[in-house]
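Me: Please give me a close look at one part of this chain. Then connect that part to the rest, with the cut-offs behind each term.

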Amino acid sequence: MKIDSKYTREELQSLGPYDLPNRGVFCPRCQNYMPDFAELTAEEAERIAALAGVSNPMSELRRVTGCNEAFAKMWFVHQDGPHEPLPPPPPLPKPCPRCGEMLKTGWAKQCLHCGVDWH
């Protein structure tokens with residue numbers, strides 16, 4: 001089966017209640033795939049998304065597609081596509097070149113212990 005193929009109702013009903021999508025568009029932030037449903041038209045998707053705040057849109061998505069709650073939640077979290085990746089973590093703190101004490105952050109340009117400044 002192609003990685004970008006849509007989930008059919010029969011396939012979704014054969015999954016367990018906590019199974020997550022294993023194909024579709026990949027979200028680099030949450031490390032999950034966004035499900036695409038064969039039985040969900042663009043008009044239905046807009047109608048269901050518009051239900052947010054008025055009624056229970058996840059129940060309606062589950063009724064229309066036959067998906068489990070995990071698939072429905074993944075679809076709602078990613079309605080606008082994959083999230084932006086998280087920024088890289090800050091560099092690890094390093095020792096002061098003058099006194100050897102650990103700097104506050106990896107970006108520090110001044111030692112709080114001895115006062116040396118290398119801006």
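Reply: P91 has a relative accessible area of 37%, so it counts as partly exposed. On this scale, buried means under 20% relative accessible area, exposed means over 50%, and partly exposed lies in between, with a 1.4 Å probe and protein chains only.

The model is predicted, so local features need pLDDT of at least 70 and side-chain atom pairs count only at pLDDT 80 or more, while totals for chains, interfaces and linings use all residues. Residues are numbered from 1 along each chain as its sequence is written, and side-chain values use heavy atoms, with hydrogens and water left out.

P91 lies in the segment after α4. Helices here are DSSP runs of H or I with at least four residues, strands are runs of E with at least two, and both are numbered from the N terminus. Leaving aside residues up to four places away in sequence, P91 touches G106 and W107. A contact means heavy atoms within 4.5 Å. A108 is 17 residues from P91 in sequence, and their C-alpha atoms are 10.0 Å apart.

H78 also belongs to the segment after α4. Its relative accessibility is 5%, so H78 is buried. Beyond residues up to four places away in sequence, H78 touches C27, C30, M34 and H83.

β1 covers 25–27, and β2 covers 32–34. Q31 sits in the loop between β1 and β2. Q31 is exposed, because its relative accessible area is 51%. Its phi is positive, about 60 degrees, although Q31 is not a glycine. G24 is in the loop between α1 and β1. With 25% relative accessibility, G24 is partly exposed. Between G24 and F37, 13 residues apart along the chain, the C-alpha separation is 9.8 Å.

The largest nonpolar core has 13 residues, and F37, L40, I48, L61, C67 and W75 touch the most other members. α2 (42–50), α3 (57–65) and α4 are the elements that give two or more residues to this core. α4 gives the most, with four residues. Such a core is a set of buried Ala, Val, Leu, Ile, Met, Phe, Trp, Tyr and Cys residues joined through side-chain atoms within 4.5 Å. In soluble globular proteins, nonpolar side chains tend to be buried together.

C67 touches L12, F37, L61, R62 and A72, again not counting residues up to four places away in sequence. L12 is in helix α1. L12 is buried, because its relative accessible area is 2%. Although L12 and C67 are 55 residues apart along the chain, 5.2 Å separates their C-alpha atoms.

Rings of Phe, Tyr and Trp (its six-membered ring) pair if their centres lie within 6.5 Å; planes under 30 degrees apart are stacked, over 60 edge-to-face, and the rest tilted. That rule gives three aromatic pairs. Y7 and F71 form an edge-to-face pair, because their ring centres are 5.0 Å apart and their planes are at 90 degrees. This pair links distant parts of the chain, 64 residues apart: Y7 is in the segment before α1 (9–13), and F71 is in helix α4 (residues 69–77).

Y7 is buried, because its relative accessible area is 3%. F71 is buried too, at 1%. The charged end of R23 sits over the ring of Y7, 3.9 Å from its centre. The test is that NZ of Lys or CZ of Arg lies within 6 Å of the ring centre and within 35 degrees of the ring normal.

Now the whole chain. It has four helices and two strands, in the pattern α-β-β-α-α-α. The radius of gyration is 23 Å, while a compact globule of 119 residues would be near 14 Å. That radius is taken over C-alpha atoms, and the globule rule is 2.2 Å times the number of residues to the power 0.38. The C-alpha trace spans about 65 × 35 × 20 Å along its principal axes. Of the 119 residues, 29% are buried.
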